[in-house]
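Hello,

Here is the structure I promised to pass on. My notes follow below it.

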Amino acid sequence: EITDVAWNSQVPHILASSAANGTVVVWDLRQRKPWCQLRCESNSSSPVSAMAWNPTQGLHMMTASSDDRSPGLKLWDLRSSTTMPLTTLEGHTGGVLSLDWCPHDDTLMMSCGKDNRTLMWDLYSLQAIAEIPNEDPSGGQQQQQQHQQQQQQQQGQINLEDLTLEELHEMIQMEGLTQEQQMQIQAQMQLLVDGEDDERPEEHFLTIALNGTILGATEMVTGFPPSGLLMTSAFDSVHEDDLLGMHAIKTHFWERDQPDVEVYLRRRTIEGDWIWLVAKVVSYIDSPVPGIIVHEAIVKNENVAVIVSRITRIASLLLQAVESSLFGSEVGNNTGGDSVDASQDEAVEIQAMLLNAAENLGIDLSNSDNPLRELMEAAANGDSMWGGDVLTSRGGTGEGRARDGKKSMDIVEHLKSGAALDLSKIILTEGEVKLVTLVLTGRLQIEDLGPLLYLALNSPEMDLVAATDEFYSLSEQQLKANSHAQSPSEMVLLQPPPLAVINLSFTDIGDYGMETLSEFLYADNAALKTLDVGFCNISPRGMMSLCQGLKKRNMRCLPPLQGLIISGNTISYEVAVQLGIALSAEPVRNKRGRDGRRLSFTNNDDDCEGRDSPTASQSNGATSAYKSNLSDGLKLLYMGSTSISPESLNALLSGLGPSCPLQELRLQSNRMGPKGATRLVEFLETKSDNRQPVLPKLHRLDMSYNELGDQGTSKLTRAISKRAKVNMTEVSLSGNYMGSKGIESIMNKLLQHKLITLNLDNNSIGDQGCQLVAASLPSIGTLTRLNLAFNDIGCRGVATLMRSLVGCESITSLGLSGNVMRISGAIAMGFTLAQHPRLSVLELDNCCLSQVAQCHIVAGIISNRWVPMKVMYGFRAGPPMVAIGALEIMAQHMSNEECFRLRRDIQMKTLLKWMENNRASQSENPSFLTNDDLSRANDMNDAPSQSAYLRMLDWLGRIPFDESELMDLRKYFYDVSDRDGEVKSDMNLKHRG
């Protein structure tokens with residue numbers, strides 16, 4: 001509740017507001033955000049009733065409290081503190097109601113309070129110097145009445161049940177009450193509050209426009225006043241987990257003349273709690289705008305509400321994903337009122353497909369008589385971005401479309417693109433797993449999803465399992481009847497939705513869920529490219545079901561999966577063998593059976609399993625598309641935390657085959673040890689038939705937390721270095737107990753690769769290992785992300801690394817968390833940050849940085865000509881910037897990103913000053929201009945020096961150094977000591993550059 005507002009007397013766009021919770025917020029109306037917030041730590045709960053600005057000093061403010069227990073006036077200096085006032089003026093015996101600062105003399109102030117006193121204050125003596133008598137007797141009568149009530153309460157003569165809530169609130173603020181009396185008053189107040197809650201209705205009605213705006217409301221169950229809800233959104237107070245279900249019911253049922261469909265949702269009450277409601281439409285309106293009248297009532301059985309809400313949310317996600325795969329990004333724009341001719345839609349879709357394919361191939365079809373032939377010829381010549389996947393499935397998102405004018409797309413981004421079903425972190429029950437399977441296999445069309453759920457949830461038992469089983473049996477009977485069909489028109493064909501990405505991670509489906517869901521793997525969905533079942537509690541039995549599903553997919557000549565994430569499940573040796581065969585990039589006709597004999601398959605579609613299946617007509621199209629892209633296969637495989645053994649890893653990789661187009665392999669947290677590295681090296685050093693490297697496209701490898709040690713790391717990096725034709729762009733070896741020897745092997749062997757990311761955190765490389773990394777950085781000109789966190793690196797290692805970073809301008813992200821950094825390390829980092837042009841992310845968590853060390857680092861960041869830093873972890877940049885004078889004290893609460901953006905804007909103004917000064921200097925002395933001349937000119941014109949060192953030293957000159965810090969600073973720049981540790985004379989100082 002806002003209690004007062006006051007304009008700043010000096011700055012017109014500064015406004016202060018006080019609240020009943022004891023806070024005062026100073027607003028910057030130009031920036032449209034708070035400038036600072038005042039809150040007294042010693043008495044933070046006292047409401048602020050009034051405030052006033054100093055008429056001559058724009059940073060001085062006086063606040064008053066209406067609390068009878070602390071009726072003081074607090075004087076604030078915003079430059080000093082926002083939590084501790086300069087002083088407190090005490091003189092009132094009751095809460096202060098109002099105050100005002102004398103506009104002609106800023107040493108005088110006046111205040112009035114509940115004690116019926118009006119006092120004038122002298123701010124020099126901090127005393128009340130005068131009192132204006134009050135001629136109105138009502139105040140004295142009120143004070144006397146309160147005094148009598150206090151005496152009667154002390155004597156036990158007042159019946160608390162006869163008092164209102166406001167009277168009880170005033171009574172509990174009286175002085176002299178015992179703890180027992182306060183507890184009695186609080187109990188009575190709670191009874192009155194509970195009684196008000198009991199008086200709330202158990203139902204309400206909302207008139208909602210089609211866009212969700214509330215046009216009218218009755219008395220609310222949640223306690224909000226109906227007038228305050230007008231012209232707000234009906235979705236604002238709905239729980240985020242229930243929003244999607246409410247949107248789906250509103251769009252697909254209520255707006256399509258099916259008002260009886262109910263939705264269970266949670267709304268926030270005025271007290272901040274959540275309450276379960278059941279909602280349905282009772283009427284439709286046309287005036288003033290088209291809309292609906294919704295009836296919402298309190299749910300009696302919350303267990304039912306939880307179940308129904310979960311199923312509604314899952315069904316909504318299914319509906320959204322399927323419609324996105326069928327109709328693209330235009331899903332939801334059509335509410336069902338308008339219809340377009342089907343043939344026209346088909347023509348538009350085909351035209352869009354041709355244009356997208358032409359854009360991918362870089363050809364112009366504007367003057368072509370036969371655009372389809374030109375596209376086919378271009379694809380045959382190898383111009384396709386994704387190896388021939390030019391014509392995507394109709395209604396899809398165009399996986400091969402070039403984004404932002406780039407010629408290539410990151411593999412992870414590519415595998416995440418397309419229509420996706422994301423059910424991650426929703427614990428699926430048996431019935432929900434069956435429901436998802438029915439939709440993904442095409443047995444349950446999306447238009448039948450609503451009726452099925454309506455019948456299941458309105459049955460007495462609410463048995464979703466029985467409903468899905470019955471529907472599955474019915475679909476099986478229809479499919480068996482195809483054998484007796486006399487014409488193709490009488491056959492029932494399954495049409496699975498063309499989903500590209502299915503994310504079921506953290507759903508805890510277990511073995512049963514995987515066995516049930518494995519059917520959709522060999523359903524006729526040629527668009528499927530990525531499956532995520534990570535951390536689903538799947539044992540080897542369930543993983544074998546996954547392998548069988550992938551094998552059947554290959555047998556039906558469907559395109560293989562390109563991305564598989566099975567982290568957090570269990571992989572045994574038998575599973576590894578079968579999984580490698582199922583994921584193999586080799587065509588089906590080249591695979592071997594269990595007896596070792598090669599399976600005989602031809603290029604004809606007749607040999608593909610599924611010719612006689614209900615989806616044979618669709619499989620043929622998918623098969624032909626797949627056969628034109630035999631080089632496609634698994635590109636991404638995540639198997640972290642799967643307990644896979646070295647032997648199992650070798651069996652899986654052998655099953656994949658040497659020509660598998662795998663690009664990213666993650667095996668973190670499997671504790672395989674040096675033996676696991678040996679098995680991986682043996683496979684990587686295998687010679688293929690065509691003399692090409694094994695896994696010729698592998699460029700991302702994650703072997704973190706596998707206890708490789710220096711020995712295993714050396715073997716692995718040696719094998720990587722021999723793959724000269726394959727460039728590794730990302731290597732992660734975190735948590736492998738590596739020392740300086742392992743680092744030496746890594747940096748020597750990986751210099752020839754164009755590394756982009758190198759993660760070496762959570763090892764024990766020490767200063768020596770860090771120096772080895774620093775020595776190799778200039779030779780890796782492509783490295784952008786380097787992580788050396790938690791490696792026992794000291795000041796020597798940090799100083800060496802910082803000097804090396806000055807010449808390694810490609811680095812944009814640096815992780816040094818967990819390495820204790822003293823002043824000398826902070827000094828080195830500060831001067832490097834002042835010069836590095838691209839470093840934008842810096843991680844310094846748990847580095848034990850002192851306040852002075854923080855000042856050094858921040859001074860380096862803001863001394864940079866471009867201030868490229870955007871994200872910094874470890875400490876807040878605001879207080880150190882205030883300490884060195886780079887930021888006003890009112891802005892110290894800003895986030896690091898905001899502080900750096902502010903300094904970046906200031907630096908842009910400085911660059912303009914430099915340009916003007918340089919132009920003036922050149923006009924005065926066009927023959928020769930030195931840096932010293934520029935520095936002097938800039939100093940004379942109030943512009944910072946153009947030298948990063950000079951700007952850095954200017955900021956550091958404002959830090960109170962002690963003797964040891966000054967010695968560290970001298971040691972960094974000069975050789976000030978000989979071998980015996982004795983300090984040389986100033987005449988022998990040697991500048992280090």
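Leaving aside neighbours within four places in sequence, which residues is C847 in contact with? They are L816, S817, G818, N819, V820 and M821, where contact means heavy atoms within 4.5 Å.

Before the rest, some ground rules. This is a predicted model, in which local features need pLDDT of at least 70 and side-chain atom pairs count only at pLDDT 80 or more, while totals for chains, interfaces and linings use all residues. Residues are numbered from 1 along each chain as its sequence is written, and side-chain values use heavy atoms, with hydrogens and water left out.

Back to C847: its place is in the loop between β29 (841-843) and α24 (851-863) (DSSP runs numbered from the N terminus: helices are H or I, at least four residues; strands are E, at least two). C847 is buried, at 2% relative accessible area (buried is under 20%, with a 1.4 Å probe and protein chains only). Its C-alpha atom is 5.2 Å from that of G818, 29 residues apart along the chain.

N706 sits in the loop between β24 (700-702) and α19 (709-722) and is buried too, with a relative accessible area of 0%. A polar atom of the N706 side chain lies 2.9 Å from the backbone oxygen of L667. For the backbone oxygen of S704, the distance to a polar atom of that side chain is 3.1 Å.

As for confidence, the chain has a mean pLDDT of 78 (the predictor's confidence in each residue, from 0 to 100). Over residues 329-348 pLDDT is below 50, and over residues 587-607 it stays under 50. Where pLDDT is low, the predicted coordinates should not be read in detail.

Best wishes

Note on methods:
Buried < 20%, exposed > 50% of the residue type's maximum accessible area, 1.4 Å probe, protein only. Polar contact = N/O pair within 3.5 Å; in protein donor to acceptor, adjacent residues only side chain to side chain.
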